[in-house]
Amino acid sequence: CDWSSDVCSSDLTEFPGHPYGRPAEGTEATVSALTRDDIVDAHRRIFTRDGLKIAVVGDIDAATLAPLLDRLFAGLPAKGDLPAVADVVPKAGAKASRAMPVPQAVVRFGGPGLKRADPDFIAAYVMNHILGGGSFSSWLYTEVREKRGLAYTVATGLAPAVHTGAFVGYVGTSSDKVEETVKVITDQFARMRDTGPTAEELAAAKAFLIGSYALRFDTSDKIAGSLLAIQVDDLGIDYIDKRNGLIEAVTLDDVRRVAKRLFADPPSVVVVGPEAAKN
């Protein structure tokens, strides 16, 4: 799954007994049992006008577009028929592993995060950039790759969903280095929780996140995707104008506060790899 936008989980770890813990692509048994009627029924219940979000970018005005959209989607049912899903908090501190005949171990880790509407979400977004979301500049990149050579790639991200918020990450390393790699990562979680970044690190993170925002709007496809995401997250039509100001307003105290929220407990860890990679 795309760890940057979805909840990546295992029913054995973060979401036991909850729909978020089920494999998004199903299992061999559930997919094999599907019939045409199942698919038609799912389409009827899910693809409905009340849940539809649309973003259009191009050489067309709203007056011309509106009747075209009405005609295009008129055949969809007005309302959906979806089962109720309860809110859930990802489980912390769980461990799971699966041995496979592959040369490298893949490690996924995560724990409780924040929903998109949480007042601390922007502070968490900035914090995550410093910790593991900033590619070559992040703490995890420096500690895991540059200083120790334990992995080529390591990253973390926020995964807000309708009924939960998760903090997730991944790393790939040799099977005999899993324990060391996980310890380095969790040590950085503790460092962020207990001391937080420097003023210089915070300023650099905010400058990057503000300066790079324009790159989300350099093609029509990106503009449409951004407008759709704003609708899905219910951020308001003025979010594009407000977003950089929200990031600029994040303080060291904000980052430290949200880090204490996110890293109060150890993460859940899932390891897939050679037998020696079991955690």
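## Report on a predicted protein model

Ile54 is partly exposed, because its relative accessible area is 30%, and buried means under 20% relative accessible area, exposed over 50% and partly exposed in between, with a 1.4 Å probe and protein chains only. This is a predicted model, in which local features need pLDDT of at least 70 and side-chain atom pairs count only at pLDDT 80 or more, while totals for chains, interfaces and linings use all residues. Residues are numbered from 1 along each chain as its sequence is written, and side-chain values use heavy atoms, with hydrogens and water left out.

**Overall layout**

The protein has 10 helices and five strands. Helices (H or I, at least four residues) and strands (E, at least two) are DSSP runs, numbered from the N terminus. Taken along the principal axes, the C-alpha atoms fill a box of roughly 60 × 50 × 30 Å. Of the 279 residues in the protein, 35% are buried.

**Surface and loops**

Ile54 is placed in the loop between α2 (36–46) and α3 (62–73). Together with Leu52, Val56, Ile60 and Leu68, Ile54 makes a nonpolar surface patch of about 340 Å². Patches are made of residues with over 30% relative accessible area and no salt bridge; like charges are joined within 9 Å, and nonpolar side chains (Val, Leu, Ile, Met, Phe, Trp, Tyr) within 5 Å. The accessible areas come from the Shrake-Rupley method with a 1.4 Å probe, and for residues only the protein chains shown count as cover.

Ala84 lies in the loop between α3 and β1 (95–99). Ala84 is exposed, because its relative accessible area is 81%. From Ala84 to Glu180 there are 96 residues in sequence and 41 Å in space, C-alpha to C-alpha.

Thr164 is found in the loop between β3 (154–160) and β4. Thr164 counts as buried because its relative accessibility is 1%. A polar atom of the Thr164 side chain lies 2.7 Å from the backbone oxygen of Val88.

**Aromatic rings**

How many aromatic pairs does a search of the whole structure find? The search finds seven aromatic pairs. Rings of Phe, Tyr and Trp (its six-membered ring) pair if their centres lie within 6.5 Å; planes under 30 degrees apart count as stacked, over 60 as edge-to-face and the rest as tilted. One of the pairs is formed by Phe109 and Phe189, and this pair is tilted, at 6.0 Å centre to centre and 55 degrees between the planes. Phe109 lies in strand β2 (residues 104–112) and Phe189 in helix α6 (residues 178–194), so this pair ties together parts that are 80 residues apart in sequence. Phe109 and Phe189 are both buried.

Phe189 also pairs with Phe167: the ring centres are 5.8 Å apart and the planes are at 80 degrees, so the pair is edge-to-face. Because Phe167 lies in strand β4 (residues 165–174) and Phe189 in helix α6, the pair ties together parts that are 22 residues apart in sequence. Phe167 is buried, as is Phe189. Phe109, Phe167, Phe189 and Phe263 form one aromatic cluster.

Another ring, that of Trp139, has the charged end of Arg191 over it, 3.5 Å from the ring centre. A charge sits over a ring if NZ of Lys or CZ of Arg is within 6 Å of the ring centre and within 35 degrees of the ring normal.

**Salt bridges**

A search of the whole structure finds 16 salt bridges. A salt bridge is a side-chain nitrogen of Lys or Arg within 4 Å of a carboxyl oxygen of Asp or Glu. The table includes three of them.

| Salt bridge | N to O distance |
|---|---|
| Arg45 and Asp41 | 3.0 Å |
| Lys222 and Asp218 | 3.1 Å |
| Asp254 and Arg257 | 3.1 Å |

Arg45 and Asp41 both lie in helix α2, four residues apart, which is about one turn of the helix. Asp41 is partly exposed, because its relative accessible area is 29%.

Lys222 counts as partly exposed because its relative accessibility is 38%. Asp218 also counts as partly exposed, at 46% relative accessibility.

Asp254 and Arg257 are three residues apart in helix α10 (residues 252–262), so about one helical turn separates them. Is Asp254 buried or exposed? Asp254 counts as buried because its relative accessibility is 18%. Arg257 is partly exposed, with a relative accessible area of 38%. Salt bridges that share partners join Asp254 and Arg257 with Asp118, Asp120 and Arg261 into one network.

Key:
A polar contact is a pair of N or O atoms within 3.5 Å; within protein, one must be able to donate a hydrogen and the other to accept it, and residues adjacent in sequence count only if both atoms are side-chain atoms.
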